[in-house]
Amino acid sequence: MKPAPFAYRDPDSVDEVLALLAEHGDDAKLLAGGQSLGPMLNMRVVSPEFIVDLNRVKALSRRGTSADGGFAIGALVRQAELEDDPAFAVAQPLAAAALPWIAHRPIRNRGTVAGSLVHADPAAEWGGIILALDARLAIRRAGAPPREVEAENFFTGILETAVEAEDLLAEIRLPPWPDGARWGFREFARRRGDFALAGVACRFEVDGAGRCRSVRIGLVGVGDTAVRARLAESVLEGEPPGAELFAAAAAAVGKEVEPLDDGHASAAYRRHLAEVVVADALAEAWEQDGRDEG
Amino acid sequence: MRFAAYDVRRAPRHANQVKHVPGMSEASTPEHRPLLTGRGRYLDDIRPADALHLAFVRSPWPHARIRNVDADRARRAPGVAAVVTGAELAGTVAPIRAEMEAGGSARYRATDWHPVAARTVRYVGEIVAVVAARDRYMAEDASALVDVEYEPLPVVGDAVSAIRGGATQVHEHAPDNVLFRTEWTSGKKDRFEQAPIRVRFTCRHPRVSGMPMEACGAVASYDRANGTLDFSSSTQVPHILRDGLARCLGISAGRIRVAAPNVGGGFGPKMQLFPEEVAAAALAVRLGRAVKWVQDRMEHLQAAFHSRDVTVEAEAAAEADGRIAGLRAQSLCDVGAYSSFPLGCSLDPQTAGVALPGPYRVPYYHYIGLAVATHKFPTGAYRGVGVPLGPLVTEELVSRIGRAAGLDPVEVRRRNLLRPDELPHESPGGSVYDSGDYPALLQGALGRAPYDGWREERRKARCGAGNGARRRLGIGMSCFVEATGMNRAVYRKRGMAHVPAFDSAVLRIEPGGGVEAFVSTPSQGQGHHESFRRLVGRGLGVPEESVRVVLGDTAVTPYGSGTFASRSMVSGGGAVLSAAAKMKERLCAVAAARWELDARQVRFIIRDGAGGVERTDAHATTGAGIDRMATHGPSAKGPAPALGSEGAASASAGDGSAASPRGAAGTERLEIAELAHLAHTPFLPLPAGVEPGLEVHAAYDPPGVPVSCAAHVALVEVDRLTGGARVLRYVVAEDCGPIVNVAAVDGQIRGAVAQGIGCALLESVDYDEGGQHRSATLMDYLVPAVGDVPDIDIVHMETPSPFTESGIKGMGESGIIGAPAAVVNAVLDALGVSPSGLVLPLTPERIVALAAAGRDPDPTS
Ligand SMILES: Cc1cc2nc3c(=O)[nH]c(=O)nc-3n(C[C@H](O)[C@H](O)[C@H](O)COP(=O)(O)OP(=O)(O)OC[C@H]3O[C@@H](n4cnc5c(N)ncnc54)[C@H](O)[C@@H]3O)c2cc1C
């Protein structure tokens, strides 16, 4: 468990980071919190020639309310910083509620949101969160204008995202929280802090006529990538919330997900779990009784 | 010496005397302080300046012929000093081989396990070449350059297919893949066959790993001038390791020094001889340089001794009133590719067979135990060895008997548990149960729970509005016994040839009065230093702080077995007490010389915790006042250090003291410090036969096997939809005889219960059918974390064993023996199911499947 030899750079500006990525591309890996990259290096799952350490780039540590009233999370913002930020809990209650479920505190102390998203473990909570929140991902590349990718276009395959070898995921942009939106977060793991066998972040609003609107269900752990449960969303959309409707939505989830078989769980069990956590999360959202968190 | 406070002729304490010692303030022992504050010195802290670091090239195939090993590129890699293949080592290093003298019906086949394979590999991870380089990074870089050509062969992936006719053979000399077989019968079959109640249960305990926080490793250096090998290892058994290395290397054990630095947990895996250790030693000799191997966690998961992987199939019969009529069981133990050293592969089949009858009256018993070779990593000892299979299977059978007889789980146990007046009892498993009150332990655990409260909670959960279908509570119980500190007779019976089965201690009082104790049972964090210090301090009447305990270095510690199988306090402690008794004789002899008296005219007495020798000539009128200690051997009654937790430092002076109160006319007394000085000066003439100095050696073979006992009860919550199971409450009532150190005992129990919860719910070393190892990291192999282990409430009873002088019974394994059964039974109780077979661990997925088969429980019970 020792990494293969690599060269190390620790630039202090975004431009230098981008230049190094442009130069070395596939041979380079960015180092953020190192909580995923470190083990992969040690196990020689990856052996990049260059490690480009982001930790000296102060500009990437910014977080806070953005011009549009949403919340911006810089690439070096640690999960624990958000967890400890009361303003974040007010601005983004769903993400804040999910944070304590991500790994363990020592890992959150160093691990970044950006690192989690780019690493793109299919069970990582942030995958479900950005899908439920319609987040936008700001990506930079040397010699190209900054671009923004919608959450639903971010994950492209197992451990693959829209962030390519020469790219830096610079910022995660969470849109303003809709007034009166209800949300639920549920996951099931074998032990607290483990990657979830199935997890869900969901949000919906209830319109004046008492019907579900803007339903978003982001699932993790039940496929190659985090996925939206579109079939279940459509079951809910425009219908009056209630236990029966939620059960129908959960059943829809069971139909639409394509989980993997692995050492931790069979596909059939993960599918079953997806139904259970979705039903629970929807019920949790409904019980919130329209608390106004925005 | 027998401890007066625990005279076994007095009745053992009963239920109403069950006593809980709340978390004693002695908690943080001095031994732990440096470890907890980062000042321990572990194997990796040994850093010879010029050491070469090893990396091992391991087979990716579970079974293959090695066609060719090309190490040229690796040899030319930066920093590489040597690359050694199996073929190169074969001439100088003998294979690892565990011999047995299987008696009776038992049959055993030893295997030759080449530390570096030359021709055939038999498991994924088997070593095919060793790289020695300037650092571990370079060694790993170079090991990737070793080119091995394999010819893959068919694979035997599990024990069941291994014994099927026509299965691929793991070893040429074992056509049926059976490496060990034993069959025992006791009692008469007819009652078993005629009994009206018949219940069955099959349970598979997963292959698990002891998973100490510190993985394994060794640092070897060879002194060419003297022909001596200095070998540090994170080992539990320095002397056995030394013997093993000597056998493999063909050098005399006397030329090898094995030293264990601080060891960050042992739990069993660290008592086997690792092929890496042999390779490290061989390379040190060959290269004449220090060689270092520090096992990383991935190596540890793949190639540190796994354990268990045992399936027991059992059937019990009972009378209509729920009394057990007999038990029939067969174990199938998947021991992997080789029979490991020193215990050999008979370990699990033998110990499961011993354990199955448990603390119950079992008039008929028939047992077959099989150890079967497969293409997996070899198994070795892990805390509890095959014993947890006993309660896992038997407790469920007993509950089923209860259901069939219409008895509550507590009542059916009460009817079958042996009572104190039936002890000693020879169990059909072969152990002689010596002491304790099994029904009282169960009562004590239930009382502490409290059982009625738990039942009420369970009832509420069953009919709770809305969640009644989902969240269930279950209560599990587990009664068991544990043979500890096993002596030479036991290992002789087991036929295990490489375990000396005795332990030794050397005590030395230096001229200034300080005491040094050298004991053959080292510590892996159990607090042995503290416990031995206490034994010596109280045994000799010296301040504990003045005792220095030295463990784990064959250059200075006397020969012995080492630390495993709950033996240290019985066997190592027995040796310490035996040495202390000899020391008292020596002190008496010195005092007698000083006073120019006969040794019989003096005696050793502890007053106010201080030991000294007093002359008795002025009072020696009746004979009753003469302490027999001075004339008898170590087993004679002497001044009695109180070992009881509550008796702490009280100086109970034994039967001599009343006859000779302090200050009585004519009494003179020499304190230990004065005697220490006298024994070391040339000015005190000593009569013939009295040796100068104060150093004694005692080798100790426990005269009998103390059997500790316990009852566990667990309250477990199960979510029938997700399959999640959580242990909410846990109570242990245990009896390990007189407790030397409550903090150590409680710590051992809590840690072991946690491990038992892991075996029941989380842990499993997995291989796929093709023999590929799948538990590569701790994200695959799940150990219980803090959130998975509840507070564990402990009730102590202290019934001394009548078999040993101290009455101490071992308890290091107890927790993990009882916990899997208690947790599993609680889950089954919660779900209201009695499956015919069960595969552990009870993963959420398995629990969901069980729940689907569940009947609706009686909401009123
Ligand atoms: C024991 C354990 C348990 C865990 N459990 C969970 C869990 O339950 N849920 C969960 O979500 N996560 C879990 N994690 C992962 C953890 O959240 C990581 O912190 C996270 O996945 C990676 O973040 P990081 O900052 O450490 O990234 P790093 O490890 O530094 O990098 C990860 C990858 O992202 C790339 N990268 C990093 N930053 C950028 C960037 N700005 N732009 C482009 N590429 C970038 C790196 O090159 C690398 O490929 C666990 C980790 C451990 C060790």
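The model is a predicted one, so to speak: local features need pLDDT of at least 70, side-chain atom pairs count only at pLDDT 80 or more, and totals for chains, interfaces and linings use all residues. Residues are numbered from 1 along each chain as its sequence is written, while chains are lettered from A and ligands numbered from 1 in the order in which they are written.

Chain A is split into domain 1 (7-52), domain 2 (62-174) and domain 3 (182-287), with bounds that come from an automatic or database domain assignment. Taken over C-alpha atoms, the centres of domain 2 and domain 3 of chain A are 20 Å apart. Where these two domains touch, 23 residues come from domain 2 of chain A and 22 residues from domain 3 of chain A (contact: C-beta atoms, placed from the backbone, within 7 Å). On the domain 2 side, helix H8 of chain A gives the largest share, six residues (helices are DSSP runs of H or I with at least four residues, strands are E runs of at least two, both numbered from the N terminus). That side has 15 nonpolar, four polar and four charged residues (Ala, Val, Leu, Ile, Met, Phe, Trp, Tyr, Cys and Pro count as nonpolar, Asp, Glu, Lys and Arg as charged, the others, Gly among them, as polar).

H8 (125-133) of chain A turns up again around the ligand, as one of the elements that supply at least two residues of the shell. There are 29 residues around the ligand, and Gly33(A), Gln35(A), Gly111(A), Gly115(A) and Ala124(A) come nearest (near: C-beta atom, placed from the backbone, within 6 Å). H7(A) gives the most, with five residues. Domain 1 and domain 2 of chain A each put in at least three residues. By class, the shell has 16 nonpolar, nine polar and four charged residues.

Between the chains, the contact takes 21 residues from chain B and 17 residues from chain A. On the chain B side, H4(B) gives the most, with four residues.

Within chain B, the axes of H16 (528-540) and H17 (568-595) come within 10 Å and cross at roughly 30° (axes are lines fitted to C-alpha atoms over the stretch in contact, with angles from 0 to 180 degrees between N-to-C directions). That makes H16(B) roughly parallel to H17(B) (angles under 35 degrees). Their contact has nine nonpolar, five polar and no charged residues.

Key
Angles under 35 degrees count as roughly parallel, over 145 as roughly antiparallel, 65 to 115 as roughly perpendicular and the rest as oblique.
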